Amino acid sequence: FHLEAPRAALLHRRAAFQAGAWTQLDEVHGTVVHTVTRPGEHDFAVGDGVVTRARGAVLAVWVGDCAPGVFLGEDGALGAAHAGWKGALDGVLPATVAAMGSSAVTAVLGPCIHPCCYEFGAADLAVFTDRFGPAVRGTTSWGTPALDMRAVVRASLAEVGVEVDDRSLCTGCHPELFFSHRMRQQPGRQVMTVTKRAAA
């Protein structure tokens with residue numbers, strides 16, 4: 001599902017995975033959030049968050065280790081966000097929730113790299129612990145300091161009153177299921193989608 005894949009192959013994979021008109025952003029580890037008013041709007045646009053109330057719109061997040069999150073508003077709004085370490089630090093998750101305009105939101109976290117596989121430099125790790133607290137500090141399976149992206153997601157969304165339904169497996173530990181850029185330097189990417197089905 002990498003956007004640099006041949007376009008025809010990408011569109012074929014999309015159709016096989018989830019029917020509908022997709023919005024899959026050109027993710028840049030930023031905080032830009034797009035609002036989709038009709039299915040397929042903003043497909044391939046630059047950004048890291050997307051929200052909609054449109055039936056039939058497929059919101060897609062593609063990752064190779066970063067955290068994919070989808071958001072469900074009790075009023076029918078949907079959102080999706082790509083959170084790498086930089087985007088998470090800069091606030092892409094709360095920005096996506098804010099763009100939904102919903103009073104109550106639930107988040108679902110998909111597969112991402114876990115601290116067992118995510119070695120992180122001490123100086124950068126200190127920035128995260130200063131921002132989100134000591135719970136985001138972890139240790140790799142080989143004993144070095146690590147960043148816990150799942151804890152970062154939970155802490156970031158807790159600041160805006162959003163609970164996380166954590167469905168995450170480690171992309172680094174499961175080569176039979178997922179691509180991993182960090183652990184295996186793989187060019188492939190997996191995708192997480194959310195859609196409000198069109199009326200029958």
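Arg154 is partly exposed, with a relative accessible area of 38%. Here, buried means under 20% relative accessible area, exposed means over 50%, and partly exposed lies in between (1.4 Å probe, protein chains only). This is a predicted model in which local features need pLDDT of at least 70, side-chain atom pairs count only at pLDDT 80 or more, and totals for chains, interfaces and linings use all residues. Residues are numbered from 1 along each chain as its sequence is written, and side-chain values use heavy atoms, leaving out hydrogens and water.

Arg154 forms a salt bridge with Asp166, with the closest N and O atoms 3.5 Å apart. A salt bridge is a side-chain nitrogen of Lys or Arg within 4 Å of a carboxyl oxygen of Asp or Glu. Asp166 lies in strand S10 (residues 163-166) and Arg154 in helix H5 (residues 149-158), so the pair ties together parts that are 12 residues apart in sequence. Helices (H or I, at least four residues) and strands (E, at least two) are DSSP runs, numbered from the N terminus. Asp166 is partly exposed too, at 25%. A salt-bridge network links Arg150, Arg154 and Asp166.

## Asp43 and Arg14

The count comes to 7 salt bridges. One of them joins Asp43 to Arg14, with closest N and O atoms 2.9 Å apart. Asp43 sits in the loop between strand S2 (33-36) and strand S3 (49-52), and Arg14 in helix H1 (residues 7-17), so the pair ties together parts 29 residues apart in sequence. Arg14 is buried at 5% relative accessible area. Asp43 is partly exposed at 24%.
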